[in-house]
Amino acid sequence: MTEEDRTNPPNYVAGEEPSSALAYLDPHYWNERFAHEEHYEWFKDYSHFRHLIKQNIKPNSSVLELGCGNSQLSEEIYKEGATNITCIDLSSVAVEKMKSRLLSNGGYKEIKVMEADMLDLPFSDESFDVVIEKGTMDVLFVDSGDPWNPRPATVKKVMEMLRGIHRVLKPDGIFISITFGQPHFRRPLFNAREFTWSIDFETFGDGFHYFFYILKKGQRSNDSEGSLEETAEKPTISLFQDEMEDEDYIFRTNIDDLDD
């Protein structure tokens, strides 16, 4: 990967996947993409993990979705009975198009959509019962370098995101992260000493398993595994998987980056 690739990620071309995962770090790419694309679901559609959502999101839950893009996740959660939903995205194009979609479809008047940065959440402390993200955190890792020793800039952004989530969750709130990130990569970050949440996960999907993390605030045990600085052992990881659907494979371990 060249320095030119890092500073000039490709723009969106309708119907084509970007030539580099670095495109996902470019706000202009997302604005262009959302301007042309009506709907896309990262990491399977709702039907594949509905049972896990129903176990963790109750009808009276206040829900914050990070990086809503043009996903239909909020509508699906709404149909389950949780109508107090706020969706945010950094792309003004995505926000306006989602507002228009919800209005035209009707029945989703309570869903609030706003332009906001997940690294600087504009909400008061302890505002939500549930914070959920689906593939949004994975964007921060596309230029992380060695997955066992991610670049400091990547770790800084991820920790900013997690601190904001922990802050806006109510004392017994739940953070749900739907991701490709395997436990031996995510646990050291989730398990930083400043966080009080417990960490559990389920898997879903065929061939390649996607991960559904459930972090419950205020329920951390004293014997939780080590944080990023304390984790040294590197378990075996398979870099290649059989299932290569749509763009999702780009969010797996970036093989090219390992050669930098």
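**Close-up 1. C87 and C68, two buried cysteines.** C87 is buried, at 0% relative accessibility. Buried means under 20% relative accessible area, exposed means over 50%, and partly exposed lies in between (1.4 Å probe, protein chains only). C68 also counts as buried, at 2% relative accessibility. How many disulfides does the model hold? The count comes to zero. A disulfide is counted when a pair of cysteine sulfur atoms lies within 2.5 Å. For C68, the nearest cysteine sulfur is that of C87, 5.0 Å away, and C68 is in no disulfide. C87 is in no disulfide either, with the sulfur of C68 as its nearest cysteine sulfur. In general, a disulfide is a covalent bond between the sulfur atoms of two cysteines.

This is a predicted model: local features need pLDDT of at least 70, side-chain atom pairs count only at pLDDT 80 or more, and totals for chains, interfaces and linings use all residues. Residues are numbered from 1 along each chain as its sequence is written, and side-chain values use heavy atoms, with hydrogens and water left out.

**Close-up 2. E75 in helix 4.** Helix 4 covers residues 73–79 and holds E75. Helices (H or I, at least four residues) and strands (E, at least two) are DSSP runs, numbered from the N terminus. Is E75 buried or exposed? E75 is buried, with a relative accessible area of 4%. Its side chain makes a polar contact of 2.8 Å with the side chain of R101. A polar contact is a pair of N or O atoms within 3.5 Å; within protein, one must be able to donate a hydrogen and the other to accept it, and residues adjacent in sequence count only if both atoms are side-chain atoms. Setting aside neighbours within four places in sequence, E75 has contacts (heavy atoms within 4.5 Å) that include L102, N105, Y108 and I111.

**Close-up 3. I77 and the largest nonpolar core.** A nonpolar core is a set of buried Ala, Val, Leu, Ile, Met, Phe, Trp, Tyr and Cys residues joined through side-chain atoms within 4.5 Å. The largest one has 31 residues, and F49, I77 and F212 touch the most other members. Elements giving two or more residues to this core include helix 3 (50–56), helix 4 and strand 2. Beyond its neighbours within four places in sequence, I77 contacts Y46, I53, I57, A82, I85 and I132. A second, separate core has 30 residues, among them V131, M137, V155 and V168.

**Close-up 4. G81 in a loop.** G81 lies in the loop between helix 4 and strand 2 (84–89). G81 is partly exposed, at 30% relative accessible area. The C-alpha atoms of G81 and I57 are separated by 9.1 Å. Along the chain, these two are 24 residues apart.
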